[in-house]
Amino acid sequence: MAKIEKETIAQSLKNAGYSRRDFLQLCTTIVATAPMGLAFTEKATPAAVAKAVAKAKKPSVVWLHFQDCTGCSETLLRTSKPDVADLILNIISLDYHETLMVACGKQAEDALNSAVSENAGKFVLVVEGAIPTKEKGIYMKLGGRPAMDVLKEVGSKAAAIIAIGSCASWGGVPSADPNPTGATGVDSIITDKAIVNLPGCPPNPYSLLGVVLEFAVMGKLPALDSLKRPKFAYDRLIHDHCPRRAHFDAGRFAGQFGDAGHNQGYCLFKLGCKGPVTHAGCSTRHFNEMVDAWPIGTGAPCFGCTEKAVGFRMPAFDKVDVHLATPPDTYAPIAGSVGTFGAAAAGLVGIAAGALGGAAWATSQKLKSSEEATAEKTPTAGGK
């Protein structure tokens, strides 16, 4: 059976009846999401991005579910610019997704095998959920096979792998102590493939779109940090751009939920906010284009879900180790204290002043004598 040639993104959008203005609006959203860190958006206008994206072939995406709550897929379904139909049908070719497709049972297995074989070496594998490894992976099976075996087989034929969500990145909720199923992340099972971690519970859906389009347009994955997170999406601490940062610097903290400080929008650090150690764009890239649609925006402390050693590892309301700036103790005083000036001190000052004055007078006399002597030895004009 002949392979079906993938159409370009421009062809797909045109066939779906979308105008150039619609396409430019999408590209503007992408540029706003990742102005830096992606090769196809770096120093580029929305028009330039549109030109590059339009030429790209729709990337084939295979999406596997393991130990998860489907929250990462849910956040994808809630995007509005583009909405899920645009994303699935016109930007990427989502060839397998257990939650969204109609097929089940043998039909679903056939769909997965077909998607993998027809796009071997070219498709992007998206993994949602942790993978149980204890007792040879008996705690989760797909079609009678352990999930970790399915991951190894499908992953071996993928061009790149994206672990979406904290669970797929490094175990997340299922791996919390005591981790009875031995749940772990993708990169602890597959070590010979390019893997991008998109931690978050859930992560921002535009981060996924940016990574997939970077691969489709440029043929490579974006720059990653030491935890394999794309730098364009995890390049800042939430604390650096938090709308409550001014209260932190001024030493104003909510002491408990519902108190006067909490109601006035004070800093949530003392309630366990992990923002000072958490790298994510939540404070500037709100979910689904809704202002304050993120934990701190709704009055809840950051949980630290994008950090491997914080989210699902530290108790929710424990404070992280960070220096607290609590004025006025940490600031220089506006004015120092005023003391008294006694007679003894006045006498010492007078003696010192007299000594300095006498030394200055003596020096001036010596200079005067020296100048007079020099003048006597120097002949005047017309003299002998």
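How much space lies in the largest cavity of this protein? About 90 Å³. We will come back to that space after a walk through the rest of the model.

First, some ground rules. This is a predicted model, in which local features need pLDDT of at least 70 and side-chain atom pairs count only at pLDDT 80 or more, while totals for chains, interfaces and linings use all residues. Residues are numbered from 1 along each chain as its sequence is written, and side-chain values use heavy atoms, with hydrogens and water left out.

Let us start with the overall picture. The protein has 12 helices and 9 strands; these are DSSP runs numbered from the N terminus, with helices (H or I) of at least four residues and strands (E) of at least two. Of the 384 residues in the protein, 43% are buried. Here buried means under 20% relative accessible area, exposed means over 50%, and partly exposed is in between, using a 1.4 Å probe and protein chains only. A contact means heavy atoms within 4.5 Å. Among the contacts with a separation of 6 or more, 74% are between residues 24 or more positions apart.

Now look at helix H3, residues 46-55, where Val-49, Ala-50, Val-53 and Ala-54 are buried. Why are these four on the same side of H3? They cover an arc of only 130 degrees around the axis, and that puts them on one side together; the arc is taken from the directions from the helix axis to the C-beta atoms. An α-helix has 3.6 residues a turn, so residues three or four places apart point the same way. Turn to the face of H3 away from its buried side, and you will find the exposed residues Lys-51 and Lys-55. The buried residues of H3, for their part, pack against helix H1 (9-15), helix H2 (20-33) and helix H9 (205-218).

Next, find Glu-128 in strand S3, which runs over residues 124-128. Is Glu-128 buried or exposed? Glu-128 counts as buried because its relative accessibility is 1%. Its side chain makes a polar contact of 2.9 Å with the side chain of Trp-63. A polar contact is a pair of N or O atoms within 3.5 Å; within protein, one must be able to donate a hydrogen and the other to accept it, and residues adjacent in sequence count only if both atoms are side-chain atoms. Leaving aside neighbours within four places in sequence, the residues in contact with Glu-128 include Trp-63, His-65, Asp-68, Cys-72 and Ile-164.

A cavity is found on a 1 Å grid over the protein atoms alone, as a set of points where a 1.4 Å probe fits but cannot get out, and lining residues have an atom within 4 Å of a point. Grid points are joined across faces, edges and corners, and a volume is the space filled by probe spheres set on the points. H9 gives the most to its lining, with 4 residues. This lining has 8 nonpolar residues, no polar and no charged ones. Ala, Val, Leu, Ile, Met, Phe, Trp, Tyr, Cys and Pro count as nonpolar, Asp, Glu, Lys and Arg as charged, and the others, Gly among them, as polar.

As promised, back to the largest cavity. It is lined by 13 residues, and His-239, Cys-242, Cys-267, Cys-273 and Ile-296 lie nearest its centre. By class, that lining has 9 nonpolar, 2 polar and 2 charged residues.

Finally, visit some backbone details in the loops. Most residues other than glycine have a negative phi, and most peptide bonds are trans. A cis peptide bond, however, joins Asp-177 and Pro-178, with omega about 10 degrees. Pro-178 lies in the loop between helix H8 (165-170) and strand S8 (183-184). Asn-179 is found in the loop between H8 and S8 too, and its phi is positive, near 50 degrees. Another cis bond runs from Cys-201 to Pro-202, with omega near 0 degrees. Lys-228, in the loop between H9 and helix H10 (245-249), has a positive phi of about 65 degrees.

Conventions. On a 1 Å grid over the protein atoms alone, a cavity is a set of points where a 1.4 Å probe fits but cannot get out, and a pocket is an open set with protein on both sides within 12 Å along at least five of seven lines; lining residues have an atom within 4 Å of a point.
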